[in-house]
Amino acid sequence: MNATSEIPCKYFSKNACSKGDQCRFLHDPSLIQNINLEENSDEKQQNKKNYGFENYKKPIYNQKEQTFEDQDSKSDKISKKDSKFKLNLKKKNDNFQYNNQMKQNERSQIHNNEKQSQNDFRDSKQKQKNNVNSDRWERNQENDEDKQDFKNNYTRGRGNLQFQDYRNDQVNFRRGFNRQEQRGFQNYDARKDDFQDEEHMQNIQKRIKKNVVVAKKILKLEQSIEIYEIVKIIGFYNQQLIILKANQIEFYNIPFKRNGTDILDDSLKTSLDHWDKILLNGWIQEQSDGRFNLIVEFIRKSEKIKNLLIYPILFQQESHILINEVTIKNIVFAEKEQDLILTFCQDGLIRIFQYCEDQYKFMQHYNLDQTIETVIKVGSNYLIGTRKQKIFIFDGLEIQSIQYQFDKICTQMVIDFNRVILKFDNETESSIYILTQNLKVNGPMYNGSKIDCLDIIRSYENEKLFIFSIENSVETFIEIDNKLQIFDKLQNQNIKNIQKFEMKNQNMLIQKYIVGNNNLNLKLYSIIPEE
């Protein structure tokens, strides 16, 4: 070999060198053997890959085309069909979701429209609330705790008095507890009573338009008896009608009336006698524990100074406490609050007495600087009517004026659920105004003949009736569009000191009455149910 270089011949390694021994590059036989071995090994791997059993795929017969086809082509067709099926399914799901969303939107729109219609309907009924109220409002009117909701923006205060914090805490607790307990029932009753109120209101308006008011009788005279020296009908409490006379306090126990029986029976009468005193006025109050107290204004014979007679536990004890030499002027209103006695006198002073060492001692006073004509307690505050035609509010600490100037003197106030009915008089006429819970004055709802006295009671048909004693008649009015319309009239029936009361038997059957006096005659009227 004539090789002159140690560089291997690349053609010889491939067994393709044409120069043979004359090639100047190195011909090494070992290179040819290694290459052959590597080529044989690569060839075996390739053959195993191309013709191995594990990669063998059996042809599949296509019945539709009557031919054989590979699995790869078959799987490709299946995958394409799967993709198309999934795409169609996705479109159907999208359409289904869209339709559901549209239906939900339609239902939501219908619900909103219905809700708006209900709200509009409720708003229209609310405008008639002052005319016809529900039985629930009547029951709340009789509940002293619900009356405390009036004028909540003024908190009762006593300055440095002893039981201020305890009293406020107790009142707030009872009020909050009762509201939470009754909230669910009140919501149901409100929806239920809306439809009843509308029906009653329509019936009343029909009767007014048909001019059959006189033919519709509301009151019936049940009994008239002579009682000498009547001073005042205090009211009906603990199933007893309390009558204040010049020297006695009489209690008529009134059972549930049956046909042919009298309401007032002398055999069921008891009395507290004070023959050495002249009784002038009286006020009764129910305490938070269910017991009653009675305060009576009196003078001793041959004297003019006003004194107080206090029964702290009426119906259970006959013992009483005296407060001597209170005022020369008349006492318009008096009330007991725990260990305190508040007196509102015509001389313009509010005197406060505190119980200490088995007697009441003068503690402090407030000066209104005006003659007090009438007073009523509303919640924890006192409304005061004065001779100067103004209304004031006393919360136990401050005296504030209601910004409204009347043209008559306030002579009577009546609580009507969440408002107060105010009666104003001059020498010949009377006017009726409404004081709302927000201290807004509305009216007059009546302006006409002079009214001696008034009260408000509901009929058996849930109609609110205003009972007036006018000159020589007893007239019944109803409220329509914030005005009073006459509904019934009893001629030759003049009474004073009108008081309402109800009786119930064991079956919750209710009987409703009006009582009043005319000089020596005590008269009782029953409310006639509509046939």
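Q: Why is Asp-416 called buried?
A: Asp-416 has a relative accessibility of 2%. Buried means under 20% relative accessible area, with exposed over 50% and partly exposed in between (1.4 Å probe, protein chains only), so Asp-416 counts as buried. A friendly note before we go on: this is a predicted model, where local features need pLDDT of at least 70 and side-chain atom pairs pLDDT 80 or more, while totals for chains, interfaces and linings use all residues. Residues are numbered from 1 along each chain as its sequence is written, and side-chain values use heavy atoms, leaving out hydrogens and water.

Q: What makes Asp-416 and Lys-464 a salt bridge?
A: Their side chains meet at 2.8 Å, N to O. A salt bridge needs a side-chain nitrogen of Lys or Arg within 4 Å of a carboxyl oxygen of Asp or Glu, so this pair qualifies. Asp-416 belongs to strand β20 (residues 409–416) and Lys-464 to strand β25 (residues 464–470), so the pair ties together parts 48 residues apart in sequence. Strands are DSSP runs (E, at least two residues), numbered from the N terminus. Lys-464 is buried too, at 3%.

Q: Which residues are linked with Asp-416 in a network of salt bridges?
A: Arg-419, Lys-464 and Glu-479 are linked with Asp-416. Within that group, the side chains of Glu-479 and Arg-419 meet at 2.7 Å, N to O. Glu-479 sits in strand β26 (residues 473–480) and Arg-419 in strand β21 (residues 419–425), so parts 60 residues apart in sequence are tied together. Both Glu-479 and Arg-419 are buried.

Q: How do you know whether Thr-343 is buried or exposed?
A: Its relative accessibility is 0%, so Thr-343 counts as buried. Thr-343 is part of strand β13 (residues 340–345). Contact means heavy atoms within 4.5 Å, and beyond four places in sequence Thr-343 touches residues including Leu-308, Val-326 and Phe-353.

Q: What makes a group of residues a nonpolar core, and how many residues has the largest one?
A: Such a core is a set of buried Ala, Val, Leu, Ile, Met, Phe, Trp, Tyr and Cys residues joined through side-chain atoms within 4.5 Å. The largest has 28 residues, and among those with the most contacts inside it are Ile-341, Phe-344 and Val-375. Strand β13 gives the most to this core, with five residues. A second, separate core has 18 residues, including Ile-233 and Met-503.

Conventions: Helices (H or I, at least four residues) and strands (E, at least two) are DSSP runs, numbered from the N terminus.
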